[in-house]
Amino acid sequence: MSEIILGIESSCDDTSAAVIKDGYLLSNVLASQDVHKAYGGVIPELASRAHQVNIVPVVSEAITRAGIKAEDITAIAFTRGPGLLGSLLVGTSFAKGFAIGLDIPMIDVNHLQAHVLAHFVREPGVESHLPEFPFLCLLVSGGNSQIILVKSYKEMQVLGQTIDDAAGEALDKCAKVMGLPYPGGPVIDALAKEGNPDAFKFAKPRIGEFDFSFSGLKTSFLYTLRDAVAENPNFIEECKCDLCAAILHTVVDILAERLVKAAKHYRISDIAIGGGVAANSLLRERIAAEGEKRGWRTFIPERRFTTDNAAMIAVAGYYKYMNEEFSTLDAAPVARF
C-alpha cells in the first residue's frame, strides 16, 4: 500500500500544499501574497487573513495535480513553527480539521528542519543527488542563519547561529534604506551583478567560531550612506549597484568563511545550503566554487525548494511518518522553538 503525505506550509506569507507518494513528489502548489509589498515587509494580520482565503483552493489544486483523491491520503503534515503565530494557526487548524474528517494521523513539522530535509525531495523520473549523513547544512533565510550538523533525518545539531540579525534580514533592511522594493534580497542580488564589490568596505564580525552577526555590517552600511548622502543627495541612486554588490559580497563572505571553518573542524565534505537566501545567485556560486576548491560534494537545491514551500514539509512528514512520529489534536502552533 502506498504512503501518501499531504504537506501544508503556512509559516509566513506563502500558502503552500504538496503531495508526496512513497517519498516522491507529485505536486507542489504555492500562493504568494503581494499585499505586503506596499508596506515594505510582512504584516502578520494581513498574512493570516490571506492564508484563510488561499488554503482551501491551494490544497484542492495540490490534490488535483497529484492525480489522487483526498481519501487516498495517508497522513497530513503541517508546519507547527517557527513562524508568524496567526499564519501558523491557519495551517494547524486546517490540518486538524482535515485529519478529523478523513480519520488520518497528523504530523507536526519544524520549519527549519524541513528546510534542511528539502534536499531529500525526489521527483519521479529525475535522478536524485542526495547528501549522505553526516553532512553540514548552511541554513540562511530572512529570519535564521545557522550551520547545522545533520546526523540523520531526525537528529540535527546547531553548531552556530546568528546572535542578532539574520543574513536575509540584513539584506532586506539595507534594501529598504536604499528605497528598493520588498523583498529586498532578490533586488540586491540582481543589482549586484552590475556593480563593483570593491567600491565599498563594510564591517565583518569578530565573534565565536561558527556564529554569525550582521548588525555591525548593517550599521557600517548605514553610516556610509549617512555621510555620503550628506555630501551628495543623489549618492544612493548613483551608486546603487556598487552598494548592492559590496553589501552582498560581504554577507556571502561571512557565511562562506564560517561554513569553511566548520567543515574543516568536523572533517565533513558533504555540504548543503538551504533556506530562502540559498536562492541568491552569488551565494550559490560561492558555495559551488568552495566545493570545487576543497573537494566537497555540494548540494544546492533548486530555487523552488529554497523558499517556503510545502514539498519540504511533506518530505519531512514522510520520514516522521515512517517512524510513527504522530502529532495529537491538542498540538498548538509555536512562533519560536
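Modeller: Let's start with a definition: a disulfide is a pair of cysteine sulfur atoms within 2.5 Å. Keep in mind that this is a predicted model.

Biologist: Okay, how many disulfides does a search of the whole structure find?
Modeller: The search turns up 0 disulfides.

Biologist: Why is Cys137 too far for a bond?
Modeller: The closest cysteine sulfur to that of Cys137 is in Cys12, and it is 19 Å away, so the two are too far apart for a bond. Cys137 is also buried, with a relative accessible area of 0%.

Biologist: Switching to the inside. Which residues touch the most other members of the largest nonpolar core?
Modeller: Leu138, Met178, Ile188, Phe214, Leu243 and Leu255, in a core of 51 residues. The elements giving two or more residues to this core are strands β6 (135-140), β7 (145-150) and β9 (270-274), plus helices α4 (167-177), α5, α6, α7 and α8 (281-294).

Biologist: Where does the largest share come from?
Modeller: From α7, which gives 17 residues to this core.

Biologist: Let's zoom in on one. What does Leu255 touch?
Modeller: Not counting residues up to four places away in sequence, Leu255 touches Leu138, Val140, Ala167, Phe212, Phe214 and Leu283. There is another core apart from this one, with 33 residues, among them Val109, Cys137, Val150 and Phe305.

Biologist: Now charges. How many salt bridges does the structure hold?
Modeller: It holds 20 salt bridges. In general, side chains of opposite charge can pair when their charged atoms come close.

Biologist: Give me an example. What does Asp253 pair with?
Modeller: Asp253 forms a salt bridge with Lys204, and their closest N and O atoms are 3.4 Å apart. Asp253 is in helix α7 (residues 235-266), while Lys204 is in the loop between α5 (184-192) and α6 (215-231), so this pair ties together parts that are 49 residues apart in sequence. Lys204 is partly exposed, at 39% relative accessible area.

Biologist: Which residues are linked with Lys204 in a network of salt bridges?
Modeller: Asp253, Glu257, Arg286, Glu290 and Arg294 are linked with Lys204 in that network.

Biologist: What about Glu237, where does that one sit?
Modeller: Glu237 lies in helix α7 along with Lys240, 3 residues apart, which is about one turn of the helix. Their side chains meet in a salt bridge, 3.3 Å from N to O.

Biologist: Is Glu237 buried or exposed?
Modeller: Exposed, at 56% relative accessibility.

Biologist: And what about Arg304, which side chain does it meet?
Modeller: Arg304 meets Glu302 in a salt bridge of 2.7 Å, N to O. Arg304 counts as partly exposed at 39% relative accessibility, and Glu302 is partly exposed too, at 41%.

Biologist: Last topic, the backbone. Where are Gly81 and Pro82 in this, and what kind of peptide bond joins them?
Modeller: A cis one, with omega at about -5°. Pro82 is in the loop between β4 (75-81) and α2 (85-102). The peptide bond from Tyr182 to Pro183 is cis as well, with omega near -5°, and Pro183 sits in the loop between α4 and α5.

Biologist: What is phi of Asp103?
Modeller: Near 55°, a positive value in a residue other than glycine. Asp103 is in the loop between α2 and β5 (106-110), and Asp103 counts as exposed at 70% relative accessibility.

Biologist: And where does Arg267 lie?
Modeller: In the loop between α7 and β9. Arg267 has a positive phi near 55° and is exposed, at 78% relative accessibility.

Notes: Residues are numbered from 1 along each chain as its sequence is written. This is a predicted model: local features need pLDDT of at least 70, side-chain atom pairs count only at pLDDT 80 or more; totals for chains, interfaces and linings use all residues. Side-chain values use heavy atoms; hydrogens and water are left out. A salt bridge is a side-chain nitrogen of Lys or Arg within 4 Å of a carboxyl oxygen of Asp or Glu. Helices (H or I, at least four residues) and strands (E, at least two) are DSSP runs, numbered from the N terminus. Buried means under 20% relative accessible area, exposed over 50%, partly exposed in between (1.4 Å probe, protein chains only). A nonpolar core is a set of buried Ala, Val, Leu, Ile, Met, Phe, Trp, Tyr and Cys residues joined through side-chain atoms within 4.5 Å. Contact means heavy atoms within 4.5 Å.
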